[in-house]
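Subject: Structure handover and notes

Dear colleague,

I am passing on the structure we spoke about, with my notes set out below it. Please have it open beside you while you read, so that you can follow each point on the model itself.

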Amino acid sequence: LLARAENQMNRQRTLFVILGLVWSLVAIGLATADSPAERFLQQVKAGGKLDAAQIASLEQELASSEAATVEAAVTSALFRLYPDYEAAVRASDDDDLQQARQLLGGLTGSEDRFLAADASFYLARTLMNHERFEDAKQLLDALNGPLVDFSTHRTIAQYYQGLAQAGLLQNDEAVKSFMEFLQFNAEAPERLRVSAWRQVQQIQAIKKGQM
């Protein structure tokens, strides 16, 4: 009887382990299906503005494991959907603050939240390059808040948020942002992770020196 009871308990444990694994796989699948890239693809398909070949190309690029490829694919698709957007992003690439503000500023409030998020990122990037931390932080707060589910630039936006907070001497907030960046972005480029950790160390050294 004892042996039979033990076998039954072992079978139950095995069943629980299998169910746990199945649920984990389902959860991963749901998370992937609910990613900004996947939701963007569904919006594009429903919009009917891109042809079948363009959608197939976009779908392939969004399936990439490389974050940079996914980010570029979304931005390129937005170029096709909004022809004026390419010039706006080019202004950011050229680090032209005046042009970037003029061309991207109005798009950050677009009804298309994917366009709003993408434009907010590129404008924030340009503002950060010019150390306009206060203006950049407003956009980064949105990218890490209301627009987070529409942005494929989550990793770099969280890093930039820490930099902006540090630039504004919001040291406690900056440390929190950098630590969250390090905790949740293990696959981020090494240069960003090293920079974030050094920023934390510098802020803590400053705080220790003030005590």
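Which residues have the most contacts inside the largest nonpolar core? They are Phe-40, Leu-62, Tyr-85, Leu-140 and Tyr-159, and the core that holds them has 56 residues. Helix H7 gives the most to this core, with 11 residues. Please keep in mind throughout that this is a predicted model, and that the values below were computed from it.

As for the overall build, the protein chain has 11 helices and 0 strands, and its elements, followed from the N terminus, are α-α-α-α-α-α-α-α-α-α-α. The chain has 211 residues, of which 37% count as buried, while its accessible surface comes to about 12,700 Å², with 54% of that belonging to carbon and sulfur atoms. If you take the contacts between residues at least 6 apart in sequence, 50% of them join residues at least 24 apart.

The structure holds 8 aromatic pairs, and one of them is formed by Phe-121 and Tyr-160, which are stacked at 6.3 Å centre to centre with 25 degrees between the planes. This pair links distant parts of the chain, as Phe-121 is in helix H7 and Tyr-160 is in helix H9, 39 residues apart. Are these two residues buried or exposed? Phe-121 has a relative accessibility of 6% and therefore counts as buried, and Tyr-160, with a relative accessible area of 13%, is buried as well.

The largest pocket holds about 1,300 Å³ of space. It is lined by 42 residues, and those closest to its centre are Ala-67, Glu-71, Thr-152, Arg-154 and Thr-155. The elements that give two or more residues to this lining include helix H2 (36-47), helix H3 (52-62) and helix H4 (67-81), as well as helix H10 (171-184) and helix H11 (190-210). The largest share of the lining, 6 residues, comes from H9.

Thr-152, which is among the residues closest to the pocket centre, lies in the loop between H8 and H9. Its relative accessibility is 17%, so Thr-152 counts as buried. Leaving aside neighbours within four places in sequence, Thr-152 is in contact with Pro-36, Ala-37, Val-70, Glu-71 and Val-74.

Finally, I would point you to Arg-198, whose place is in helix H11. At 52% relative accessibility this residue counts as exposed, and the C-alpha atoms of Arg-198 and Phe-178 are 9.8 Å apart in space, although the two residues are 20 residues apart in sequence.

With best wishes

Terms used. Residues numbered from 1 in each chain as written. Predicted model: local features only at pLDDT ≥ 70, side-chain atom pairs only at ≥ 80, totals over all residues. Heavy atoms only, no water. Helix = DSSP H or I, 4+ residues; strand = E, 2+ residues; numbered from the N terminus. Buried < 20%, exposed > 50% of the residue type's maximum accessible area, 1.4 Å probe, protein only. Contact = heavy atoms within 4.5 Å. Areas by Shrake-Rupley, 256 points an atom, 1.4 Å probe, with all protein chains shown as cover. Core = buried A, V, L, I, M, F, W, Y, C linked by side-chain atoms within 4.5 Å. Phe/Tyr/Trp six-rings, centres within 6.5 Å; stacked < 30°, edge-to-face > 60°. 1 Å grid on protein atoms, 1.4 Å probe; cavity = no way out; pocket = protein on both sides within 12 Å on 5 of 7 lines; lining within 4 Å. Points joined across faces, edges and corners; volume = space filled by probe spheres on them.
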